[in-house]
Amino acid sequence: MFDNPVYRAIVHYSDSSTGLIRVRVPVLSGASSILDISYIGRTAYNGVWAVPEIGSQIVVTADDANLTNVFWVQVAPVPATAVDLAEVLVRLNELELYRDALLLGVFE
Amino acid sequence: MIFKSTHPGSPDVSVVLSGVSVDYTTIQSVTVDMHENMHDMATITFSGLIPVGITDYIGVPVYISIAAGVRQNVEFFGYVSFIEPLMETRKGLVNNSPVQSAVATCMGASYDMTLPKYRTWEKTTLPQLVEKIATSYGYSYAVPNDSFVWQRLLQNGISDWDILLKACQAVGYSLTTSATHIHIYDPYKTIFRQLPYVELVTVKGAYGDIQYAPGRIMEFKGLFGNTTLDGIVYNYDFVGLDSTGSVVKASTNNESYSKYGELVERVNTAEATANVTSQEMLNKFAGASTKTNYPYNATVVTTGIPDPVPGSVVKIDKYASNFDGFWLVRGVKHIISRSNYVTELTISTDSTTGKEYETVTVSAFKTPPVPQLSNNQWEASVDFGDVYV
């Protein structure tokens with residue numbers, strides 16, 4: 001039975017527009033093999049995928065001994081939280097514009 | 001020829017250790033052991049070996065031949081893996097040597113394939129995997145033309161031999177590497193590969209004739225039942241999840257067997273799960289699940305017979321029993337001394353004599369090229385690959 005341990009991996013390639021993440025897992029497959037991270041359990045928000053930076057270290061796991069599916073172990077952003085954050089940013093921008101307008105005396 | 005007695009059935013035994021000085025008259029006995037899913041192995045027992053050369057033998061290429069009459073030769077190509085000298089002072093000198101006995105254990109040429117490696121095999125079929133590995137060692141190969149694609153095979157710290165074995169066993173094939181030829185076969189179809197076939201004769205089968213003949217059964221030690229040394233014999237219901245997230249199922253039934261005769265009943269159906277990428281992969285896993293456990297197993301010692309190899313089929317007759325009939329040869333060990341030659345066969349079957357065997361279509365085994373020694377490594381003398389249907 002495969003025990004699903006986790007492994008450290010180095011990000012070889014990532015693309016936030018396609019979601020493609022490719023990693024090396026030296027302890028499992030040596031230095032030269034490059035493995036694609038599965039899309040299972042990942043989703044794009046507003047057309048943008050959360051991907052790690054190239055060269056960064058991430059944690060991965062798999063569901064069988066051949067690493068047929070390699071999963072990125074991460075804290076997935078909750079969509080509701082992501083939307084709230086975007087709204088906060090929008091409001092902040094509006095406030096900044098309003099402040100600038102006040103300073104320039106637009107509302108005299 | 002190293003030794004041969006005056007008996008007409010005595011085999012010609014030749015042993016060659018390449019590049020070292022050997023007093024071949026000190027060889028007392030030889031064994032050659034071939035087994036499915038294992039490397040070939042041989043032992044050479046010396047008596048009164050010259051001590052100065054003992055350690056020189058380690059790693060030396062070895063060739064052993066056992067020829068009995070006009071029948072097929074047993075040939076072993078390999079290397080001395082290790083040597084175990086035994087020096088007991090109280091026994092004095094033998095052949096003027098203090099080494100009363102020494103056993104050289106030799107591993108077959110495929111032992112070259114045992115270095116651990118790290119790599120992944122992406123989107124590969126079994127024939128592609130075998131071809132790449134075999135050609136990298138200069139070996140010949142024969143493999144079924146199986147179009148199943150592994151999405152990924154991970155070789156993490158295991159050897160080329162082990163990854164090949166892992167891939168074969170997962171989809172229900174057996175593997176042998178005799179000399180420099182990798183042979184992969186479906187054990188349920190091997191009867192039609194036409195590997196050497198022999199009939200092993202019981203005392204009753206010989207009609208009371210106790211004259212010497214090759215293949216006379218001297219001992220038959222059986223283990224019959226659904227609990228076997230390889231595990232319990234079941235039918236299986238498999239469940240898995242494919243790459244698209246769909247639940248997939250596959251089962252074995254009473255049609256999943258060798259069809260040498262009438263199936264020995266499988267009493268229970270076990271549930272099993274597997275991580276798979278497709279329905280086809282689960283079908284492969286399910287199909288493989290019955291091919292390693294057989295309800296009838298036996299070890300048979302016969303008068304020396306060089307013909308059978310792992311994958312051969314032998315017929316046992318005249319025990320007047322349900323286990324008369326065809327058996328799959330899973331291992332063969334030839335034991336030769338200066339006074340006798342016996343063969344020990346490890347055999348299995350899942351069929352009784354209840355009905356005739358069923359014909360399946362599979363190509364006959366083609367004779368592979370002979371090995372040659374190149375830079376002290378065994379390799380096939382010509383490129384040869386047989387992807388058979």
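1. Contact between chains A and B. In this predicted model, 11 residues of chain A and 10 residues of chain B make up the contact (two residues touch if their C-beta atoms, placed from the backbone, lie within 7 Å). On the chain B side, β7 (116–125) and β9 (149–159) each give two or more residues, and β9(B) gives the most, with five. Strands here are DSSP runs (E, at least two residues) and helices are runs of H or I of at least four, numbered from the N terminus. By class, this side of chain B has three nonpolar, five polar and two charged residues; Ala, Val, Leu, Ile, Met, Phe, Trp, Tyr, Cys and Pro count as nonpolar, Asp, Glu, Lys and Arg as charged, and the others, Gly among them, as polar.

2. Basis. Local features need pLDDT of at least 70 and side-chain atom pairs pLDDT 80 or more, while totals for chains, interfaces and linings use all residues of the predicted model. Residues are numbered from 1 along each chain as its sequence is written, with chains lettered from A and ligands numbered from 1 in the order written.

3. Domains of chain B. The assignment gives domain 1 (12–109), domain 2 (115–185), domain 3 (196–226 + 294–352) and domain 4 (228–288); the bounds come from an automatic or database assignment. The C-alpha centres of domains 2 and 3 of chain B lie 31 Å apart.

4. A sheet in chain B. Strands β17-β16-β19, in that order, form an open sheet with mixed pairing (a pair needs at least two DSSP bridges). β17 (247–251) and β19 (269–275) of chain B each have a single partner strand, so one side of each lacks a neighbour in the sheet. Five bridges join β16(B) to β17(B), which run antiparallel.
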